[in-house]
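Here are my notes for a first look at this one. Have it open beside you and go through the points in order.

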Amino acid sequence: MAPVNLSHRRTHNLLLISKLLSLRDTASPLTLLQDSLEQPATPLIREYIRRAKASSCNSVDQLLSKVHVTLIGLETLKQPDGVDAFVSACRKSPTDIVKEVAAVYPSSASAGPSKRRLIIIDAINPLISSKRVDAGFHLPSFLGSLIAPTSPTAKADSSLVVNYHQDVPGLPQQNPYSPSPLSMLTYLATSVITLHSFSHILARKAARDRSLVAPVFGLEEEQEGVLLGRLDKLRGTNAAEGIVLELEHRRKSGRGVLEWYILPPASRFSPQQVKEVVTLLDDNVLYNPPMEPDTNADDEEPKSTFELGLTERQRREREGGRPALL
Amino acid sequence: MPSQPPLPPLLTPYLSSQPESSLTLVSSILGATSNWLVLRFLHASLSASSNSNASFGLEESHNGSKKKVVLVSFLRSWEFWRAEAKRLGLDLARLAGQKQFAFVDGLSELFCAPQAETAATIAPPNAGSPARTTLPLRPQPGAVPGRGPSSVAPVPNNSYAARSQSELGIAKKLHFSGRGIGALDALERDIALVIQQQRSTMDDSDELLLIIDQPDFLLAATGPVMGIGATEMAEWLSALQQNVHATIVTLAADSPLIHNASTSGNQMAAPVESEHAAFAISLAHRARSVMQLRTLETGAARDVSGVLRISRGGGADDSLDERELLYYIQRDGGVTVFGRGES
């Protein structure tokens, strides 16, 4: 790729991911995270929460930029750090969840001007495949009622981050003509982030560079008794830690943006850091090792594999010396 | 006593401490069962405070808090666990008497009509003869010193008299009745009752560990026909999790149960396959650590029984080290655990 193009991408797409993760300008009302056992979304969710907190601590106008974080826990049991409100959604009907989520948000009269709100669903799968939920459950309207509460007084602009476990098999469709929940979600989402483990991405790239079949990990290995393949062999070397985010963002204009990013592990930066920590995958030294600099451009003549490596003087001496010896 | 220490030193950090409200998933396959690992979990929790002679595998530093264990087994009987624990030097019946351990039997009468229980509850009103009411009272004072009948407190005395000696350690037998979520809720209440009994004799610093052995059997035996699916089972489990300090769940992860329903595979998965896969994988997403047992890929070996891979689950923190170890179960039940290439 041309360097000009890369720097252009760097500027624009880093700005975009920063906007998305920090929930600026409500760039994405509904973000779908697709994780798997090989790379769970917990670090990314923690990063969302960290940014929501960091922005409210650091900014000058605190009232304007405070982000209220609600976590709807379908899998989580304990309230994680940094979450303002935790709604345990286990064994609750979708309408109850919506009611509770609306209830935990402080009423807008006391909170001053429009606050931003982040609602995270830690895993949508149980809700989709639950038998408790009746057939009338409509996923889009459920998500919609979370983002846009019916009461007009609540004027918060909320963003919803929904996590979907890709590897949990879903139930067979009740209605063969309706789309699967996943295609529904990907259709509705304004940005879709698929998570990959960095060490796997590196292994796949190494295989691709050698034109080998890309390796598979974990469940895809289809090895008996193996659920998780993620054994961080590089752990300790601190080399290939991090998460690769594959982002597909749909702009308002309809144009899509595709980009690959890397989020370093949380231990690499301080929780209060404001500077962007996410970088482009293409900028990573492990993924794109820097080319060996062209040593001398004038060295054009093809080299033989058999190289004596004599300097000009040595050669002259040799050539000059030989007749003398004879 | 086995010649090996009951707790393999390499495994001790994984066995002895479970963070609060954590879930540990132990997956096994047919050729590599998880019994020995469950027994090591039992030993790590129970031996420190009771069997002082067998506790050399454990550091004695944090001995202020006692640990209690509730074991719910769906696939193996009380007799099995008692005999196997004895080989490790762990007397489960005595521990049950001391209220340190409780066994919930999910196997023997799960789908039977609850005969003993109904007989017990119905008997006093209709059998009003004084002989029936006085008879059960007699064994109670006699049995106190050895076995401790208080562990069977919820069961009325009539059935207590009818029980054989070997069943004394069983705190509760589960019965599945009805269908759907209601039936699961009833099971949950029964287990929670036992947990509450254990809790009543606990200090604040004590930790209660819940071990559920192969709840996937319950899912396979009921299934979507009975209105129970993977999601309901997972919710059932997380409701139980909220009562205890930490939870350990064992599951089968044999290839047909996991891979037939995978998204890349064929679409013809049977309901039990897709429900089991969904249950196992969603539990792995919740778990802090996933301990996977499997046989050697290269075939059977004389000095290796299988491979234990410890991975971080979806709910993991950075404190857990991932490892892959080999283990060997000797004829006397002792287990050695070693890294690849070591012996």
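1. Start with strand β3 (residues 101-105) of chain B, which is mostly covered: 5 of its 5 residues are buried. Phe101(B), Phe103(B) and Asp105(B) point one way from the strand, while Ala102(B) and Val104(B) point the other way. Both sets are buried. Bear in mind that this is a predicted model.

2. What does β3(B) pair with? One partner is strand β2 (residues 67-73) of chain B, which runs parallel to β3(B) and is joined to it by 5 bridges. If you want a spot to check, Val69(B) has Phe101(B) as its bridge partner. Strand β4 (residues 170-173) of chain B also pairs with β3(B) in the parallel sense, here over 3 bridges. In that pairing, Phe103(B) stands opposite Ile170(B).

3. Take a moment over Ala284(B): setting aside neighbours within four places in sequence, its contacts include Leu37(A), Leu227(A) and Leu228(A) from chain A.

4. Now the contact between the chains. How many residues are involved on each side? In chain A 30 residues are in contact with 43 residues of chain B. Helix α6 (residues 125-129) of chain A gives the most to the chain A side, with 3 residues. That side of chain A divides into 13 nonpolar, 6 polar and 11 charged residues. For the complex, the predictor gives an ipTM of 0.82 and a pTM of 0.82.

5. Chain A has 10 helices and 9 strands. Of its 326 residues, 33% count as buried. Look at contacts in chain A between residues at least 6 apart in sequence, and 68% of them join residues at least 24 apart.

6. The sheet in chain A deserves a slow look. It is an open sheet of 9 strands with mixed pairing, in the order β3-β2-β4-β5-β1-β6-β7-β8-β9. Which strands stand at the edges? They are β3 (85-88) and β9 (279-280) of chain A; each has a single partner strand, so one side of each is left without a neighbour in the sheet. Elsewhere in the sheet, strand β4 (residues 116-121) and strand β5 (residues 157-165) of chain A pair in the parallel sense over 6 bridges. Ile121(A) has Val162(A) in β5(A) as its bridge partner.

7. Just after the helix, Ser211(A) takes a positive phi of about 55°.

8. Chain B has some positive phi values too. Ser21(B), in the loop between α1 (12-16) and β1 (22-28) of chain B, has a phi near 50° without being a glycine. Gln214(B) is not a glycine either, and its phi is about 55°; this residue lies in the loop between β5 (207-213) and α11 (216-222) of chain B. Buried or partly exposed? Ser21(B) counts as partly exposed because it has 17 C-beta neighbours inside 10 Å, whereas Gln214(B), with 24, counts as buried.

9. Last, a word of caution on chain B. Its pLDDT averages 79, and 76% of the residues score at least 70. Over residues 50-63 of chain B the pLDDT stays under 50, and the model has 22 contacts beyond four places in sequence for them. Residues 117-162 of chain B are also below 50, with 43 contacts in the model beyond near neighbours in sequence. Where pLDDT is low, the predicted coordinates should not be read in detail.

Notes:
Residues are numbered from 1 along each chain as its sequence is written. Chains are lettered from A and ligands numbered from 1 in the order in which they are written. This is a predicted model: local features need pLDDT of at least 70, side-chain atom pairs count only at pLDDT 80 or more; totals for chains, interfaces and linings use all residues. Two residues are in contact if their C-beta atoms, placed from the backbone, lie within 7 Å. Helices (H or I, at least four residues) and strands (E, at least two) are DSSP runs, numbered from the N terminus. A residue is buried if 20 or more other C-beta atoms lie within 10 Å of its own, exposed if 12 or fewer, and partly exposed in between; C-beta atoms are placed from the backbone. Ala, Val, Leu, Ile, Met, Phe, Trp, Tyr, Cys and Pro count as nonpolar, Asp, Glu, Lys and Arg as charged, and the others, Gly among them, as polar. pLDDT is the predictor's confidence in each residue, from 0 to 100. Two strands pair if DSSP finds at least two bridges between them.
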